[in-house]
Amino acid sequence: MSSEALARLAGERVDHRFKGLPPDADGLTFGELAAQRRNLFTDGFTTPVLVLSAERLEHNLRLMETYATRHGLAFAPHGKTTMAPRLFRRQLDHGAWGITLAVPHQVRVAREFGFQRVFLANEVVDAAALRWLSAQLDADDAFRLVCYVDSVRGVELMDAALRGARRPLDVVVELAAGEGARTGVRTEAECAAVADAVATTTTLRLVGVAGYEASVPDASPERVRAWLRRLVALAVGFDEAGRFPGLDEIVISAGGSEWFDVVAEVFAEIPGFSAPVLKLLRSGAYVSHDDGHYRELSPFNRVPEEGSLEPAFLLWTQVVSRPSPEQAFVNGGKRDAGHDMDLPVARVIRRDGVERPATGVRVTALSDQHAWLRTRPEADVEVGDWVGLGLSHPCTTFDKWPVIPLADADGTVVDYVRTFF
């Protein structure tokens, strides 16, 4: 990220667009507000407000940097999780090779903030988007972009859109995770046909293979391991057939947030190739981790000796209604919390500056602007209490918050994370 882009973020002014921030901060720049180091609980923040833990964020960044280094993996974390250039920068500062993205609009955000290496983990056949990507490549020799191909027809559309480009677009053949899985080529013979189609163009350059192991049907360590070995064997076959002529490096990429331990295991078996291999891992949800889906499925649960991620999100809400001893309502709902995989989890209650576990409190449903709480007899909940909710699946929470305070454990807000969805 360029210093000019950082300055633009710090120079943006606080106003009505950014929920949860202190109303009396309107008109300040985010840089000025951060310098005030306001306290989340006593200096005017309004509920609901989503907060990232500064300490836990740093822990997660360091852990994945160490993990990738230990296992000889390059790391391009998936930026679609956060769409936050400031967090992209933190990831690069912690050793990331580049950023993975999913659609051309996200690449536009990354380029606006000066990022130079992008792995576009998707097929692109939109002519306007391809022409824009090509213009970026032609204008900046330091910019590297790699994207997927999975059909001869897709190659033909890309070639037609990219005619006249000065630099070819680097592509990897996406191997599907199995019949009925998501995108990707289903058979090795079809993969070869797609690779051959790329070779007939001057607008595309085949640089490797890739895929997404979490799409393996009925995924288990054994099934994921078998598919990853297929992916490596596909790359070996391509190399032996001379499909990677003159490359400085060959890309083999996989790795979401559920199976990166198996990716590390299989990628450690990769044999010698005609050029060095970039073993590219793409996990993204680790930045904030979560209190639901990824907490249950984290690979660190299988390899606890390697460490553990920490949930860094907390949605602070306030009890606005206590209609019965068994029920309470807080003022955060579907508009504030991701709920596509699991409901939020009541973690902590704060009253008069004192925090305690949310014993006997369970979220049972979400409305647009409310969470429904079921309270057992041991629950001590009053109107006005702040309730911190742990969240599941960070991807669908980040995109509900254009600005997220980054706070120390004592509630001091040290920075603001701007997202661009």
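Student: Is Cys395 buried or exposed?
Tutor: Bear in mind that this is a predicted model. Buried means under 20% relative accessible area. Cys395 has 12% relative accessibility, so this cysteine counts as buried.

Student: How many disulfides does the structure hold?
Tutor: A disulfide needs a pair of cysteine sulfur atoms within 2.5 Å. Take Cys147, which is buried with a relative accessible area of 0%. The closest cysteine sulfur to that of Cys147 is in Cys191, and the separation of 15 Å is too far for a bond. The count of disulfides in the structure is 0.

Student: Which residues of helix 8 meet helix 9?
Tutor: Helix 8 covers residues 188-199 and helix 9 covers residues 221-240. On the helix 9 side, the contact uses Arg230, Leu234 and Phe238. On the helix 8 side, the residues are Glu188, Cys191, Ala192 and Ala195.

Student: How many nonpolar residues does that contact of helix 8 with helix 9 have?
Tutor: The charged residues in the contact number 2, and there are no polar ones. The nonpolar count is 5.

Student: How far apart are the axes of helix 3 and helix 4?
Tutor: Helix 3 spans residues 54-70 and helix 4 spans residues 85-93. They pack at about 45°, which makes helix 3 oblique to helix 4. Helix 3 passes helix 4 in a right-handed crossing. The axes are 9 Å apart.

Student: Which residues of helix 4 meet helix 3, and how does the contact divide by class?
Tutor: Helix 3 contributes Leu57, Glu58 and Leu61, and these meet Leu87, Arg90 and Gln91 in helix 4. By class, the residues of this contact are 3 nonpolar, 1 polar and 2 charged.

Student: Why is helix 10 largely enclosed by the rest of the structure?
Tutor: The buried residues of helix 10 are Phe260, Asp261, Val262, Val263, Ala264, Val266 and Phe267. What covers them includes helix 3, helix 9, strand 8 and strand 9. Helix 10 is largely enclosed because the number of its residues that are buried is 7 of the 8.

Student: What is the phi of His289, and where is His289 found?
Tutor: His289 sits in the loop between strand 9 and helix 11. The residue is not a glycine, yet its phi is positive, at about 55°.

Student: Is His289 buried or exposed, and which residues does His289 touch?
Tutor: The relative accessibility of His289 is 5%, so the residue counts as buried. Leaving out residues up to four places away in sequence, His289 touches Asn60, Tyr294, Arg295, Ser298, Leu309, Glu310, Pro311 and Pro394.

Student: Where does Asp218 lie, and what is its phi?
Tutor: At 64% relative accessibility, Asp218 counts as exposed. Asp218 is in the loop between strand 7 and helix 9. Its phi is positive in a residue other than glycine, and the value is near 50°.

Student: Which residues is Asn301 in contact with, leaving aside its neighbours within four places in sequence?
Tutor: Asn301 belongs to the loop between helix 11 and strand 10. With a relative accessible area of 46%, Asn301 is partly exposed. Its contacts are Arg295 and Glu296.

Student: Which residues does a cis peptide bond join?
Tutor: The proline of this pair lies in the loop between helix 2 and strand 1. Omega is about 0° for the bond, and the residues joined are Thr47 and Pro48.

Student: What separates the C-alpha atoms of Ala371 and Arg89?
Tutor: Ala371 is in strand 15 and is buried, with a relative accessible area of 0%. Beyond its neighbours within four places in sequence, its contacts include Ala328, Phe329 and Val330. Arg89 is 282 residues from Ala371 along the chain, and their C-alpha atoms are separated by 34 Å.

Definitions and conventions: Residues numbered from 1 in each chain as written. Predicted model: local features only at pLDDT ≥ 70, side-chain atom pairs only at ≥ 80, totals over all residues. Heavy atoms only, no water. Buried < 20%, exposed > 50% of the residue type's maximum accessible area, 1.4 Å probe, protein only. Axes fitted to C-alpha atoms, helices over the stretch in contact; angles between N-to-C directions. Helix = DSSP H or I, 4+ residues; strand = E, 2+ residues; numbered from the N terminus. Parallel < 35°, antiparallel > 145°, perpendicular 65-115°, else oblique. Left-handed = near helix turned anticlockwise from the far one by under 90°. Contact = heavy atoms within 4.5 Å. Nonpolar A, V, L, I, M, F, W, Y, C, P; charged D, E, K, R; others polar.
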